[in-house]
Amino acid sequence: MKALDTWERILIALIVLVYLGFGLGIEGFFTPYALADTTYNFSEKALIALAMALLVIGGEIDLSIAATMALASMAMGFAMQAGAGVGTMVLAALAIGAACGALNGWLVTRWKLPAIVVTIGTLSLYRGLAQVVLGDQAITGYPETLVTWGNGYLGDLLDMPWLIVPIEFVVMLVAALLVGLYLHATVHGRRIYAIGANPVTARFSGIAVDRYRLGLFVFAGIMAALAAVLLTGRIGSTRPNLAMGWELDAVTIVILGGVSIQGGRGSVVGTLLAAVLLGSFTFAMGMLNVTGIVVSMVVGGLLIVAMVLPQYLRRLASRFQKPPAAGSA
């Protein structure tokens with residue numbers, strides 16, 4: 001793994017400020033259960049943000065990722081109503097997620113359509129399909145095992161009541177570790193950077209650009225399905241408006257984490273730190289009873305700052321770099 005860059009250090013400092021500031025200002029914020037609850041506010045979003053980060057680094061984007069969650073959750077609900085067990089329900093969700101991602105990837109790679117246009121279209125298609133099929137109904141009555149995955153603590157599974165670590169948070173950390181190793185420690189990860197930086201050069205270098213892009217879209221669908229499994233277990237129901245608007249939260253996390261919207265630059269560490277920062281901040285705002293519109297305004301401001309500040313810091317750093325000595329190689 002690479003060392004932390006300047007922006008990632010800034011994110012760490014902001015996280016510390018958020019926890020210290022709200023911890024000192026809000027009674028009960030530093031209690032173990034309150035700190036554990038902050039992770040529920042970002043774990044599922046971090047899962048889809050990890051997949052979004054890979055796509056954006058590779059020069060693509062998927063704005064249908066939250067709508068895919070709704071379809072995956074619906075598949076779980078229908079599987080449960082058909083008498084399937086938890087394992088089959090999860091497989092149904094993953095299959096639908098992979099299929100949604102594959103459709104996005106096929107349209108982008110086979111027909112050379114812009115990903116942003118394709119996924120805006122499939123966002124409406126997937127979300128509309130969930131709304132048409134479910135209507136105003138909600139599927140409830142999920143097994144206790146699924147509810148435990150969404151709401152339980154690791155200590156409950158290990159018979160350690162003092163271990164107040166949400167299962168969702170552990171799943172997110174494991175996913176982040178695996179994605180980080182893939183992106184930063186394998187030749188495939190370096191190829192994704194190369195594709196995002198210059199797809200034409202990558203293609204002439206022998207990289208199967210379309211194959212990687214298709215794989216990234218399928219992976220995004222699978223991660224959306226995994227997030228849907230956890231979210232469905234946490235809220236205990238499937239609804240057509242499940243994860244409504246989360247695609248914008250995922251994009252905000254990715255950009256706030258330092259991933260270049262032009263592709264070819266970014267890290268899993270930055271994405272994870274941004275998810276923690278945004279999730280803890282919005283959780284604290286909720287504890288202060290701040291209205292949702294105000295929180296949205298603040299998040300929008302953070303997104304703009306996240307796009308402008310890294311470029312400003314890079315320009316500032318280049319000004320202070322010493323010019324090469326005369327006659328040096």
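What span should the 20 residues of helix 1 have at 1.5 Å a residue, and how far apart are its end C-alpha atoms?

## Basis of the report

This is a predicted model, in which local features need pLDDT of at least 70 and side-chain atom pairs count only at pLDDT 80 or more, while totals for chains, interfaces and linings use all residues. Residues are numbered from 1 along each chain as its sequence is written, and side-chain values use heavy atoms, with hydrogens and water left out.

## Helix 1

The 20 residues of helix 1 should span 28 Å, and its end C-alpha atoms are 28 Å apart, so the two values agree. The expected span is 1.5 Å times one less than the number of residues. Helices are DSSP runs (H or I, at least four residues), numbered from the N terminus.

Buried residues of helix 1 are Trp7, Glu8, Leu11, Ile15, Val18, Tyr19, Phe22 and Gly23. Seen down the helix axis, the buried residues fall within an arc of 140°, so they line one face of helix 1; the arc is that of the directions from the axis to the C-beta atoms. The face turned away from this buried side carries the exposed residues Leu17, Leu24 and Gly25. Buried means under 20% relative accessible area, exposed over 50%, and partly exposed in between (1.4 Å probe, protein chains only). The cover over the buried residues includes helix 2 (32–40), helix 13 (246–256), helix 14 (268–287) and helix 15 (292–320).

Glu8 lies in helix 1 (residues 6–25) and is buried, with a relative accessible area of 2%. Its side chain forms a polar contact of 2.3 Å with the side chain of Ser267. A polar atom of the Glu8 side chain also lies 3.5 Å from the backbone nitrogen of Gly270. A polar contact is a pair of N or O atoms within 3.5 Å; within protein, one must be able to donate a hydrogen and the other to accept it, and residues adjacent in sequence count only if both atoms are side-chain atoms.

Asp249 is placed in helix 13, and its side chain makes a polar contact of 3.0 Å with the side chain of Lys45. Leaving aside neighbours within four places in sequence, Asp249 is in contact (heavy atoms within 4.5 Å) with Lys45 and Leu278.

## The largest nonpolar core

The largest nonpolar core has 95 residues, of which Phe22, Ile48, Met52, Met69 and Val254 touch the most other members. Such a core is a set of buried Ala, Val, Leu, Ile, Met, Phe, Trp, Tyr and Cys residues joined through side-chain atoms within 4.5 Å.

Note on methods: Helices (H or I, at least four residues) and strands (E, at least two) are DSSP runs, numbered from the N terminus.
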